[in-house]
Every structure is written in C-alpha cells, then in structure tokens.
Amino acid sequence: MEISHKKFFVFSLMMKCPEGKAMIDCPLEIYRNLSNTQKLNKIENFSDKKIDEIMIHHRKCSYRRIYKMVRGS
C-alpha cells in the first residue's frame, strides 16, 4: 500500500494532536483510539476532499492556538 504525503500527514495527526490536547471540534479525535491498521484503512477510504478539509481544519486550529498564545489569551 502506497500512501500519499497528504494522507501520511493526516495519519500522523490521527496518532496524536501536535498541540497536546485536541480541541472539541477536532475531526480526528474519534479515530485516535483505533489501531494503526484501522487508522490506515480509514484514511485510505477518505476522499481527497475529506483529506483537504482535515488539513484546512488543522491549519486553522493551529493558527487560532498560536494567535491566543501570542496575544496572551
């Protein structure tokens, strides 16, 4: 099985939130308790659109967290 760079990135996000604790609206939180094989199977079945939506969500979430950290909120 060959996995694209985008899907590999989403797989890494599925493993653990890079910010430590996932936000309540994280679309990947429901998959984090799955085995690695199950995670890979899920990702393989995600459409390109779904992968892009997850990556956009992650980017926006990271920006929000960085903004709060910089602003001291």
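This report walks through the nonpolar core of the structure above and then its salt bridges.

What you have here is a predicted model, where local features need pLDDT of at least 70, side-chain atom pairs count only at pLDDT 80 or more, and totals for chains, interfaces and linings use all residues. Residues are numbered from 1 along each chain as its sequence is written, and side-chain values use heavy atoms, with hydrogens and water left out.

**The core**

Let's start inside. The largest nonpolar core has 14 residues. A core here is a set of buried Ala, Val, Leu, Ile, Met, Phe, Trp, Tyr and Cys residues joined through side-chain atoms within 4.5 Å. Buried stands for under 20% relative accessible area, exposed for over 50%, and partly exposed for what falls in between (1.4 Å probe, protein chains only). The residues with the most contacts inside this core are Val 10, Met 14, Leu 28, Ile 43, Phe 46 and Ile 51. Helix 1 (5-15) and helix 3 (48-71) each bring in at least two of the core's residues, and helix 1 gives the largest share, with four. Helices are DSSP runs (H or I, at least four residues), numbered from the N terminus. In soluble globular proteins, nonpolar side chains tend to be buried together.

Skip its neighbours within four places in sequence, and Ile 43 is still in contact with Ile 3, Lys 7, Val 10, Phe 11, Met 14 and Ile 51. Contact means heavy atoms within 4.5 Å.

**The salt bridges**

Now for the charged side chains. A salt bridge is a side-chain nitrogen of Lys or Arg within 4 Å of a carboxyl oxygen of Asp or Glu, and by this rule the count comes to four. The table shows some of them.

| Pair | N to O distance |
|---|---|
| Lys 6 and Asp 52 | 2.8 Å |
| Glu 29 and Arg 32 | 2.5 Å |
| Lys 49 and Glu 53 | 3.9 Å |

Lys 49 and Glu 53 are both in helix 3, four residues apart, which is about one turn of the helix. Lys 49 is exposed at 60%, whereas Glu 53 counts as partly exposed at 42%.
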